[in-house]
Structure formats: structure tokens, C-alpha cells
2 protein chains.
Amino acid sequence: MDLPSMPAKVDPDEVTAVLDGRWAELRRGVREQMATEKFRDHTDLDIEAHRAQVLEQLGELAATGRPALGFASEYGGSDDVGGSITSFEMLGYGDLSLMVKAGVQWGLFGGAVQLLGTERHHTKYLRRIMDLDLLGCFAMTEHGHGSDVQHLHTTATYDPATREFVVDTPDPGATKEYIGNAARDGHMAVVFAQLITDGEGRGVHAFMVPIRSADGAPAPGVTIEDCGRKAGLNGVDNGRISFSQVRIPREALLNRFGDVAPDGSYSSPIESDGRRFFTMLGTLIRGRVSVAGSAGSATKRALVIAVRYAEVRRQFARPDGDEVVLLDYLAHQRKLLPALATSYALHFAQEGLVSTLNDIGEGPEEAQRELESRAAGIKAVATWHATATIQTAREACGGSGYLSENILAGLKADTDVFTTFEGDNTVLLQLVAKSLLTSYKEHFEDLSPLATARFVAEQLVGNVIEKTAARKVIDRFSDDERAIYDRAWQLSLFQDREEHLLEGVASRLRRATSPHVDAFDVFNDAQDHVLQAGRAHIHRVVLEAFVEAISRCEDADAKALLERVCDLYVLSNVEAERAWFLEHGRLTSNRSKAVIAAVNDLCKLLRPHARTLVDAFAIPDQFLAAPMLR
Amino acid sequence: MDLPSMPAKVDPDEVTAVLDGRWAELRRGVREQMATEKFRDHTDLDIEAHRAQVLEQLGELAATGRPALGFASEYGGSDDVGGSITSFEMLGYGDLSLMVKAGVQWGLFGGAVQLLGTERHHTKYLRRIMDLDLLGCFAMTEHGHGSDVQHLHTTATYDPATREFVVDTPDPGATKEYIGNAARDGHMAVVFAQLITDGEGRGVHAFMVPIRSADGAPAPGVTIEDCGRKAGLNGVDNGRISFSQVRIPREALLNRFGDVAPDGSYSSPIESDGRRFFTMLGTLIRGRVSVAGSAGSATKRALVIAVRYAEVRRQFARPDGDEVVLLDYLAHQRKLLPALATSYALHFAQEGLVSTLNDIGEGPEEAQRELESRAAGIKAVATWHATATIQTAREACGGSGYLSENILAGLKADTDVFTTFEGDNTVLLQLVAKSLLTSYKEHFEDLSPLATARFVAEQLVGNVIEKTAARKVIDRFSDDERAIYDRAWQLSLFQDREEHLLEGVASRLRRATSPHVDAFDVFNDAQDHVLQAGRAHIHRVVLEAFVEAISRCEDADAKALLERVCDLYVLSNVEAERAWFLEHGRLTSNRSKAVIAAVNDLCKLLRPHARTLVDAFAIPDQFLAAPMLR
């Protein structure tokens with residue numbers, strides 16, 4: 001089959017323009033700043049030196065004012081949520097410890113004060129947080145209750161006699177765990193605890209708790225332990241915090257969604273404890289979105305390095321005696337180019353997500369829930385892509401890739417935890433499926449699988465998602481061998497898969513309503529199916545974002561190139577999942593084999609443009625200064 | 001469908017007996033020694049302290065006499081090659097830096113002296129090497145010529161006037177790279193260089209070259225550079241070595257396969273330079289086998305930790321209020337149990353390989369080539385399995401898995417390089433396919449893809465491999481829904497896939513004989529197909545080894561358990577590759593879906609035995625002492 005035509009050469013700047021998108025100017029600014037010596041990403045620091053360097057760089061960031069982007073203008077911010085997240089994403093080109101520490105300080109800690117607190121907290125803290133005059137922690141995760149944050153054990157019991165809350169760690173499993181900024185630098189923490197007043201539990205709320213005295217020693221009643229060495233991110237001082245009857249004033253409650261009066265009576269604009277909690281969590285979505293973005297940046301950095309290496313490193317000779325560069329081998333192209341195409345696709349999906357988040361404001365609740373679901377799914381898919389791709393990039397650089405000086409080892413180690421922090425990916429994909437099954441009409445009342453099964457069973461739903469004409473489009477192309485390059489066919493294939501998977505899951509989970517079955521078992525037996533449905537949804541969303549981005553591209557050559565990159569994204573995805581398409585009659589054997597051949601053809605077609613595609617990321621040179629590329 | 005029956009409880013010691021196999025007594029001895037405090041695997045050492053500790057532990061190993069196992073008895077060894085490799089494998093339960101350093105000293109350096117040298121080298125060096133009185137390096141890899149060792153650039157030019165060789169590094173690409181023991185401890189190196197005498201190149205030979213003086217400084221003309229920090233294995237002092245006209249006596253040539261007389265005339269028992277080189281390489285197979293074995297040990301260690309964690313860690317509640325342990329979730333079982341089954345399968349394949357290697361001696365050349373091919377393939381499959389499984393184990397332990405104290409982070413970092421050292425996995429799988437295509441009748445004349453394509457094209461071959469009745473067995477079961485648990489059907493499926501893939505590759509590569517095509521292009525376009533064929537072959541070999549091991553098991557309960565583990569190995573493999581089976585009419589859609597369901601069923605069936613299966617590895621407690629398991 002003839003391949004679609006391609007320009008001989010494409011200007012990388014034109015591709016950069018498409019990639020940079022809506023926050024292009026901000027991106028240029030961050031690139032310029034990060035290109036300076038101060039932001040060097042050293043590969044040979046011991047833990048203490050690394051922590052000190054990252055704190056110093058954090059100060060440099062504070063001085064730019066960029067951390068204020070995401071805060072409210074009345075406290076010196078810029079109300080530019082999208083810009084704020086984009087600048088976190090750009091930090092992902094450099095030392096990821098700095099990105100994470102900045103994320104903890106301004107995204108999680110500062111974000112919680114802004115979004116869960118009220119004016120009294122804003123006035124008192126926001127300026128100091130932006131200026132790095134107050135360093136803080138986000139103390140949610142507990143040792144015994146990782147993803148099940150709704151059931152954490154730390155308590156904050158109101159004592160009307162002194163008008164104070166008593167914060168306590170009742171058992172070792174309630175110790176706050178892996179808390180960034182805790183082991184060394186944080187002086188205050190937003191602590192998530194079960195609020196108890198009038199002898200009654202009111203669910204999880206957030207409290208401002210001082211954890212260190214002015215001299216840096218732990219505050220009275222607070223115990224802090226250093227988590228010690230980690231696989232990566234050793235520039236971040238993660239620690240464990242526990243509380244022994246620590247008293248804080250009533251006003252320390254971040255009281256936007258629930259308050260306790262001096263007499264101990266409780267009030268909230270949201271009646272249900274569960275719904276209140278998930279509304280609170282929903283406001284904290286930015287952290288998850290930032291992780292997906294910076295995982296994307298780290299993945300791009302790894303791909304630039306691996307592609308450049310593959311263009312200089314030679315291995316074995318051709319018949320004419322010339323040694324062949326690695327990237328001329330099909331097996332090597334297959335390692336790097338589909339991953340590169342996926343990085344493009346995820347970039348555009350991320351950009352769309354950030355843009356929606358920026359614009360949504362106090363938008364309708366259904367749209368908020370849809371956004372949360374999309375953020376969860378893109379985070380899962382993007383961070384797994386990062387883990388797999390950086391691993392592949394390391395292997396593609398052989399022994400050189402294993403040396404710390406060549407950057408990839410550190411990238412692998414730093415990003416590894418992204419798949420399980422800010423929400424474990426497996427749990428997140430379940431959330432995605434659940435929200436689809438309930439058509440976004442209901443809240444994430446509860447994260448547990450039991451609740452998912454019961455909920456779906458009770459509230460469902462014949463109309464899983466809006467029916468598309470996907471199947472018809474697929475059938476229409478059944479005799480056309482060019483179909484695999486037809487975007488309508490590709491989109492239909494993705495839509496139809498999603499729809500079919502969701503319907504299958506729905507019909508299985510409906511059995512949980514029967515009184516004769518254990519609802520947990522019904523859910524558990526379908527868990528792999530549920531995860532598959534969540535993934536299929538995100539793949540469709542990502543593809544649509546890619547198609548949308550291409551339509552914005554004005555340069556004809558860049559557009560032609562991106563069309564083929566999109567083909568490679570689609571077809572390598574179809575290739576990976578082709579067993580499902582075959583099993584369900586969506587692909588014939590011949591069409592399936594044609595997809596494999598098309599992936600090979602596209603690798604060959606895009607190989608001459610690989611350098612253009614990675615250069616278009618415009619990553620500052622100092623972050624690509626691997627000695628093996630010299 | 002009814003699942004096969006299972007005993008309620010199986011004695012792990014009975015399973016250990018099957019796993020320990022032929023070298024059971026040796027395994028018990030190594031376990032006992034490694035259980036001592038001296039072999040603690042610390043997770044918080046800086047590079048220099050780590051290197052010092054590993055050197056000290058190396059001394060402890062030398063004192064046991066076990067490193068002598070693999071050497072000839074006339075020099076104080078035990079002629080027990082299998083025992084020697086098995087003890088390297090067992091070292092893989094502990095600090096992998098120690099395993100690698102031991103492998104460099106006794107496996108690569110000592111092994112080269114024994115297998116490439118003659119009596120004069122044996123008398124002079126072997127005892128000192130065993131006793132650690134002489135530490136050495138294996139200097140083969142060059143900066144510019146990773147896998148293409150036949151074309152390395154270092155030269156050793158004979159000077160008849162002084163009866164010396166002059167060893168030289170003619171260009172920066174010829175620098176010896178990543179050489180273990182070089183940066184700190186090694187005093188001598190086996191250096192691989194192009195031998196030139198009488199103005200004629202005679203191909204790659206090995207030479208004994210002193211690289212340090214008695215005081216530890218680099219020897220005159222030798223430049224040594226430290227490779228610095230690596231992703232892992234920082235207890236090994238890897239370095240770069242280059243030579244500037246370094247003179248060594250004529251007797252320093254390891255002259256078993258080629259010698260230079262005082263007058264400079266060259267002689268060899270093997271005429272062809274290529275064949276001689278690959279015969280030399282073939283003798284060095286032990287290193288590759290040891291890497292596969294210790295990758296297996298590290299993978300088992302990760303699985304024990306992840307399974308134990310999944311049995312204590314609770315997440316979310318059941319309807320009755322009890323929190324559910326992670327391993328009760330299907331998604332979690334799917335992460336760990338198929339990987340565990342594959343570890344069992346690879347264990348038995350490794351044991352069979354070691355046993356054959358032990359017994360083959362100076363066996364027939366065809367058997368030697370078959371063994372080399374099998375070693376290459378098992379190394380590739382086992383180390384990729386290690387990388388994927390340890391990654392999964394880390395993720396399955398969430399944030400805890402990311403802390404160094406919980407061991408998995410170090411395992412991941414240490415084993416990462418296994419996929420690309422001792423032969424890059426992609427290159428190795430190509431070798432496997434090539435040797436199959438030529439029915440083991442010919443040597444690995446050349447590792448390059450060009451040579452592969454040309455060779456196959458010229459020498460081939462209608463009778464790719466011996467025809468089996470595989471297809472008939474598959475067809476016979478086509479109506480029987482129990483077929484997927486039938487071992488004969490399973491074996492046929494694997495055999496038939498291998499056969500079909502090889503025939504397909506052969507017919508594609510045959511096109512390279514046409515004068516109108518570029519042989520390189522023909523090979524390159526088929527590269528993914530070639531790799532797939534190599535992989536399919538190894539999967540079949542591994543399955544057969546598993547079946548064979550089960551037949552040796554005498555305890556009925558252990559046997560029943562292993563049968564189901566074997567089913568899970570087979571069916572999770574078929575599930576992963578089911579697109580191919582569907583495309584080629586070997587599975588119907590219904591049968592394919594039944595395979596997915598069977599993997600789920602087997603996960604549920606084996607879940608209560610997961611602890612037994614990991615305990616049966618009998619890994620010393622100190623290597624499992626992750627605080628998160630307390």
C-alpha cells in the first residue's frame with residue numbers, strides 16, 4: 001500500500017509553535033530561566049547537598065514571581081491556573097526533585113490553603129507561602145491507608161473549653177507517610193484528619209498545624225522521622241509525621257467546606273460527609289494534573305537523548321562497509337518512534353486538560369466531575385508511559401545509558417514513583433470507568449471497589465454513553481485497504497471499543513444487585529475488565545485531542561508531519577490492542593496484519609524526521625548535555 | 001469450566017526440593033553462608049563505602065573456596081562448572097554488586113585465563129586469581145563498538161625485535177569501557193585486541209596486560225578513568241582503560257586458539273579468523289548464563305517481598321467491614337502471579353541450561369552451538385522478565401516500594417543493566433533466530449545483521465526445523481473446551497508458533513539472494529519478525545523445561561501445585577501473544593476469550609498458595625528484611 005506523502009524537511013520551530021500552544025509565551029520564559037547555570041541538574045550529589053541545592057533553587061523560583069501565577073490576585077497572585085500548571089510541567093525538563101518540591105510547596109500546601117481555607121487563612125498565609133517565607137507540607141497519606149484517604153485515622157477533636165482542636169495519631173498506621181518538605185524544611189503542615197466535635201465524627205477535614213518551632217526543632221507533641229534514601233527524588237526531604245495530642249486554635253480549621261462554632265456545633269454547605277470530602281479532594285486536582293505534565297516533560301527529555309544517541313551511535317556494518325547508525329534499524333525505530341508519537345498525543349491531551357481546568361472556574365458540577373475523571377485517567381496513562389518509555393530509552397543507550405552522567409538513570413529513578421503517588425494508577429483508572437458508567441451525573445462518593453459495584457448496580461443505566469455511529473463507520477471501511485490511514489475509521493475504532501467495553505462492564509456489574517451474590521466478588525471478578533474500559537476511554541480522549549491540535553496547525557509541512565505522527569500513535573495503539581479487535585470482530589486477520597505492516601512503514605517514513613520531532617520540544621541544552629552525545 | 005483440582009495446602013519444603021534440583025547441597029551451603037551478618041546488603045552506603053564493603057565480602061567468598069569450583073582440579077579447582085554457576089546464581093539473592101564483582105573476577109577474568117590460556121598462564125595465575133591475590137578485569141567492550149566485538153579497534157602488534165606485543169588504543173572509540181574492577185581494584189586485565197604480526201591482522205585475541213603497578217597507580221602507558229556513579233551496582237568499580245604503546249611479553253598472549261612464534265609467525269588450530277573468534281567467545285558463555293541466573297534470583301527476591309506485602313497491606317473495606325488485603329484483588333493478582341509463574345518456568349529452564357553446560361565438556365560442535373544459542377535466548381528473556389517484574393513489584397508496594405530501605409528500589413536499579421550487558425538482548429535474540437535458521441549446523445561466523453541475512457540466504461534450507469505434528473494436535477482439540485488445560489495442546493501451540501514464525505522469516509530472508517535487492521534492507525524489514533521468532537523459540541524451550549521438572553517431582557501435592565503454576569505460565573503467555581494466534585487461525589475468538597478467563601481463574605486458584613510459592617525459594621531472611629513487611 002502506498003504511504004501518505006510527506007514533506008522532505010519540516011521546520012522544528014513550526015512544530016514547537018503547535019506544541020507550545022496557549023501558554024507559549026510563558027513556556028518561552030520558563031525555558032529562558034531554566035537555561036541558566038543556577039538550574040543545572042547535577043547527577044552526582046549526595047542527599048544532603050542535593051536537598052540544599054533544591055531549596056536554593058526553590059528560592060530562585062520564588063524570586064521570579066511565577067509561583068504566584070496560580071494564586072488569587074487579591075493576595076498577589078495572577079489567577080492564572082493554567083499558566084501555573086504549565087510552569088510546573090516545564091520544570092519537569094530539569095531536576096524533578098525541584099519540580100516535586102515546588103509542587104508540594106505551592107501546588108499542594110499553598111493550593112490547599114487557598115482552596116480549602118477562607119479569607120482568614122488567605123490573608124495570614126498566602127503571601128508568605130508564595131514568597132517562601134513559610135515552607136509547608138501536605139499531610140494526607142497515612143502509613144496504613146494509602147489510597148483510601150476517606151478512612152484515614154488521624155483525629156482532630158474539638159475541645160470547646162479551650163476552643164482548640166486536639167490533633168492526634170491514634171495508632172502507628174495513622175502516621176503521615178512520605179510527606180514532602182517534612183524531614184528538613186517544612187514549618188507548617190496542612191493535616192487531613194477526622195474531625196470530631198460534640199462526640200460525633202464529621203469526616204475528613206484539613207487543619208493548619210505547626211510542625212516545627214522557629215529553631216527548626218519539631219514542635220511540642222510532633223514527631224518527625226526522615227524517610228531516608230529513596231529510589232530517586234532525593235532532593236526532596238520526605239518524612240513521617242505523627243502527633244501526640246497537639247493543640248491548635250479553632251481557627252486553624254480550613255473551613256471553606258465545613259466549620260465548627262466556638263460552642264462546638266458543626267456546619268457545612270454540603271450535607272453528606274462523603275460528598276463534602278470528595279468535593280474537597282476535587283479542588284486539589286491541580287497536583288495530579290501537574291504530575292502528568294511533568295511526567296510528560298521527563299519522557300520527552302529521555303526521548304530527545306535516546307534519539308540523538310541513536311543518530312550518532314553506530315553498530316555493525318552495511319554491505320558497502322559503512323557502519324549503520326542505531327536509528328536505521330527497524331527494531332530500534334520500533335523502540336523509540338511509537339513512544340515518541342504517544343508523547344506527542346499525550347502532550348496535546350494534557351494541554352487540553354489544562355486549558356479546560358483553567359477555564360472551568362465554578363462551572364457546572366457535571367463538568368467538574370468529568371474533568372476530575374479525565375485528569376485521573378491522563379495521569380495514569382501518562383505516568384505509565386513515562387515509566388515504560390524512559391526504561392526503553394535507557395536500554396536503547398546500552399551501557400552508556402546506565403551511567404549517571406548520561407541523565408537517563410536519574411530520570412528513571414525520579415519518575416518511577418509517579419505511577420503510584422498523587423493517586424495509584426490502578427485506583428485512578430477504576431475511578432475513570434466508574435464515572436463513565438454513571439454518566440458523570442453522580443459524585444465520587446467513595447473510592448472503594450465495593451461502593452463502585454454497589455453504586456453502579458443501583459444507579460445504572462441503559463444509556464452507558466451516548467451511542468455513536470462508530471460501528472457503522474467501521475463496517476463501511478471493511479473492504480477498503482486504505483482504511484487504516486483514514487482518521488474517521490481510526491476514531492470510530494477507538495470510540496466503538498470504549499463503548500463496547502463499557503457496556504460489557506455495566507452488564508457484569510449489574511449482577512451485583514442480585515441478593516444471591518457478594519457484591520465485592522462481582523466487582524473483583526470484573527476488575528481487569530473495568531481497568532480496560534478506563535484505559536480505552538482515555539485512549540479515545542487522547543486521540544481526539546491530537547486530532548484537534550493538528551487542526552490548529554497553520555504550517556502545511558508541520559501539519560503533514562503531525563498527521564503521520566498521529567497515524568503512528570493510533571496504529572501502534574491498535575497493534576498493541578489488536579487481540580481485542582480481532583476477538584470482537586472489529587479487525588479481520590488481514591487487516592490486523594496490515595496494521596503491523598503500517599507501523600513498520602510509518603517508522604521508516606518518520607525516521608528521517610525523528611530529530612525534528614525531538615528538537616521541537618525545545619528543551620534547554622543544559623538538560624541534554626549527556627557526555628555520550630558528544 | 002471446572003478448574004483442575006488442587007490440594008488445600010502444600011509443604012513449601014517439597015517445592016524447594018524440586019527447585020533446588022541437582023545442586024541442592026551446594027545451594028544449602030551458599031544459603032547458610034549468605035545468612036551471616038557479613039553478607040548484609042546495606043541500602044544506604046555511599047559509593048566508596050560500598051566499594052570497600054564489596055571488596056571485603058569478595059575476600060570472604062574467596063575464603064570459602066567456592067570460587068574454585070569452576071576451575072580445573074590440577075590448579076586447586078573442582079571442575080564443577082555447574083556448581084560454580086549455581087553459586088553465582090545464589091549470590092543474586094544478596095547485593096548484586098557482589099555478584100557482579102565476583103563474576104568479573106572469577107567468571108570473566110579467571111574464566112578467560114583458564115579457557116583462552118594454556119598451561120603457562122594457568123600455573124602462573126589461576127591460584128592467585130582464586131585466592132584473590134590477583135584482582136583482574138575483562139577488557140573487551142569498547143566505547144565505539146559495544147555489541148560488535150569482532151570489529152573492536154584496540155591493537156596488539158608483535159615486535160619480533162624485542163619479542164613483545166605493543167598494545168595500543170588508536171582512537172577514542174577504542175577505549176575499553178565499563179570495565180569492572182578497573183577503577184579501583186584491578187591490577188591486571190585480559191585485554192581483547194586485534195593481533196597484528198608480520199604486518200597482517202589475525203583477528204581478535206586476548207592478552208594479559210598489567211594495568212596497575214604494585215602501589216596501585218596506573219601502569220606506565222595505561223590511562224584509567226572512573227565511570228563514576230551509575231544507576232545501580234555502585235559497589236562495582238567500573239572504569240575506562242586506554243593504552244599508549246604498552247609493551248607486554250610474547251607469552252602474555254592467551255594462546256590456546258592462536259599463537260605467535262618468536263619470529264612473528266602466526267599459527268592456530270582454527271583457520272578462519274571469524275570462526276576462531278566465535279569459538280573463543282563460545283568458551284566464555286558462563287558469564288551470560290550467570291547473569292541469567294542471578295537476574296532470576298533478584299526477580300524472586302522482589303516477588304517474595306511484593307507477595308508478602310500484598311498479604312499484609314489492606315486497602316478499602318468489604319461489605320462486611322473487613323479491609324481487604326491487596327492480594328485478594330484480581331488486578332493485584334494479575335500483576336504478581338503470572339510473573340511468579342514465569343519465574344518458576346525460567347528457573348527450570350536455567351537449571352536445565354546449567355546442567356547441560358556442566359556436562360557438555362568437549363562435546364560435539366553442533367551441541368555447543370545449540371547451547372550457546374539457548375544461553376543467549378534465556379539470558380534475554382530472563383533479564384527482560386527481571387526488569388518488568390521488579391518494576392511491577394515496586395509499583396505493587398506503592399510509596400513503600402520507593403523507599404530504599406524496602407529493597408525493591410535497589411533491585412530495580414542494580415538489575416536494569418542486565419538487559420544490555422553480557423550481550424544486548426535485542427542482539428542476542430537475533431542470534432537465537434539465526435542459529436535456528438541454520439539448524440545449528442554452522443557457526444556464528446559474524447554477529448552483524450548483514451552477515452545474518454546473507455548467511456541465511458546462501459545456506460538455507462527448506463527444512464527449517466524438524467517438522468512436528470503440532471498442527472494436528474491443535475486441530476484435534478479444536479472442539480474440546482478443556483483443551484486449554486491440556487498440556488499436549490499447550491506444547492503443540494508453542495511448537496507450532498515457533499515453526500510457523502521461523503518458516504516465515506526464512507522465506508523473507510531468502511529474498512536477500514536476489515541480485516536486485518539490498519541484503520541489508522531485506523534483513524532490516526524483517527527484524528521484528530526475526531526477534532519474534534527467537535522469542536517464540538525460547539518460550540517453547542522454557543515450557544518444555546518446566547514440564548520436565550514437574551515430572552521429577554515426587555510429592556503429589558507439590559506436583560499438583562506446580563502443574564497449575566505451569567498452566568498459568570502457559571496461558572498468560574498465550575494471552576499476551578493471542579493476537580498472533582488469532583491472526584494465524586490457531587485460536588478462535590471464543591477460545592481466545594476462554595484463555596483470558598482461565599488466567600483469571602488460575603490467579604484465584606493459586607492466590608491461597610502464593611505465600612507457599614515464594615517461601616519455597618528459601619531466600620535467607622536478611623535479604624527480605626524490608627521494614628514495610630513488619
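## Conventions

A salt bridge is taken here as a side-chain nitrogen of Lys or Arg within 4 Å of a carboxyl oxygen of Asp or Glu. This is a predicted model, in which local features need pLDDT of at least 70 and side-chain atom pairs count only at pLDDT 80 or more, while totals for chains, interfaces and linings use all residues. Residues are numbered from 1 along each chain as its sequence is written, chains are lettered from A and ligands numbered from 1 in the order in which they are written, and side-chain values use heavy atoms, with hydrogens and water left out.

## Salt bridges within chain A

Over all chains the count comes to 92 salt bridges. One of them joins R552(A) and E548(A), with N and O 3.1 Å apart. Both residues lie in helix α18 of chain A, four residues apart, or about one turn of the helix; helices are DSSP runs of H or I with at least four residues, numbered from the N terminus. R552(A) is partly exposed, with a relative accessible area of 39%, and E548(A) is partly exposed at 44%. Partly exposed covers the range between buried, under 20% relative accessible area, and exposed, over 50% (1.4 Å probe, protein chains only). Salt bridges that share partners also join E48(A), R51(A), K101(A), R184(A), D185(A), D226(A) and D237(A) into one network.

Helix α18 also takes part in a pairing with another helix. The side chains of R540(A) and E498(A) meet in a salt bridge at 2.6 Å, N to O. R540(A) lies in α18 (residues 527-552) of chain A and E498(A) in helix α16 (residues 487-509) of chain A, so the pair ties together parts that are 42 residues apart in sequence. R540(A) is buried, with a relative accessible area of 18%, and E498(A) is buried at 1%. In a further salt bridge, the closest N and O atoms of E89(A) and R27(A) are 3.0 Å apart. This pair links distant parts of the chain, 62 residues apart: E89(A) is in helix α4 (residues 81-91) of chain A and R27(A) in helix α2 (residues 24-34) of chain A. Both E89(A) and R27(A) are buried.

## Helix α1 of chain A

Helix α1 of chain A spans residues 12-20, and its buried residues are V15(A), T16(A), V18(A), L19(A) and D20(A). The cover over these buried residues includes α2, α9 (330-360), α18 and α19 (556-576) of chain A.

At the N-terminal end, D11(A) caps α1(A), with a side-chain oxygen 2.9 Å from the backbone nitrogen of D13(A). Just after α1(A), G21(A) has a positive phi of about 55°.

Y125(A) belongs to helix α6 (residues 119-130) of chain A. The residue is buried, with a relative accessible area of 7%. Apart from neighbours within four places in sequence, Y125(A) is in contact (heavy atoms within 4.5 Å) with V113(A), L134(A), M188(A) and M208(A). The C-alpha atoms of Y125(A) and Q114(A) are 9.0 Å apart, and the two residues are 11 residues apart in sequence.

## Interface of chains A and B

In the interface, 82 residues of chain B are in contact with 81 residues of chain A. The two chains bury about 6,500 Å² between them, 50% of it on carbon and sulfur atoms; buried area is the accessible area (1.4 Å probe) that two parts lose on being put together, summed over both. In chain B, F316(B), Y402(B) and E583(B) lose the most area to chain A, together 13% of what that side buries.

Between chain B and chain A the count is 10 salt bridges. In one of these, the side chains of D525(B) and K604(A) meet at 3.1 Å, N to O. On the side of chain B that touches chain A, helix α21 (residues 589-606) of chain B gives the most, with six residues. The residues of that side divide into 28 nonpolar, 24 polar and 30 charged. Here Ala, Val, Leu, Ile, Met, Phe, Trp, Tyr, Cys and Pro count as nonpolar, Asp, Glu, Lys and Arg as charged, and the others, Gly among them, as polar.

## Relation of the two copies

A rotation of 180° with 0.0 Å of shift along its axis superposes chain B on chain A, with an RMSD of 0.0 Å. The two copies are thus related as by a two-fold rotation axis. In chain B, the C-alpha nearest the axis belongs to A579(B), 2.1 Å from it. The superposition is by least squares on the C-alpha atoms of residues with pLDDT of at least 70 in both copies.

Conventions:
Helix = DSSP H or I, 4+ residues; strand = E, 2+ residues; numbered from the N terminus. Polar contact = N/O pair within 3.5 Å; in protein donor to acceptor, adjacent residues only side chain to side chain.
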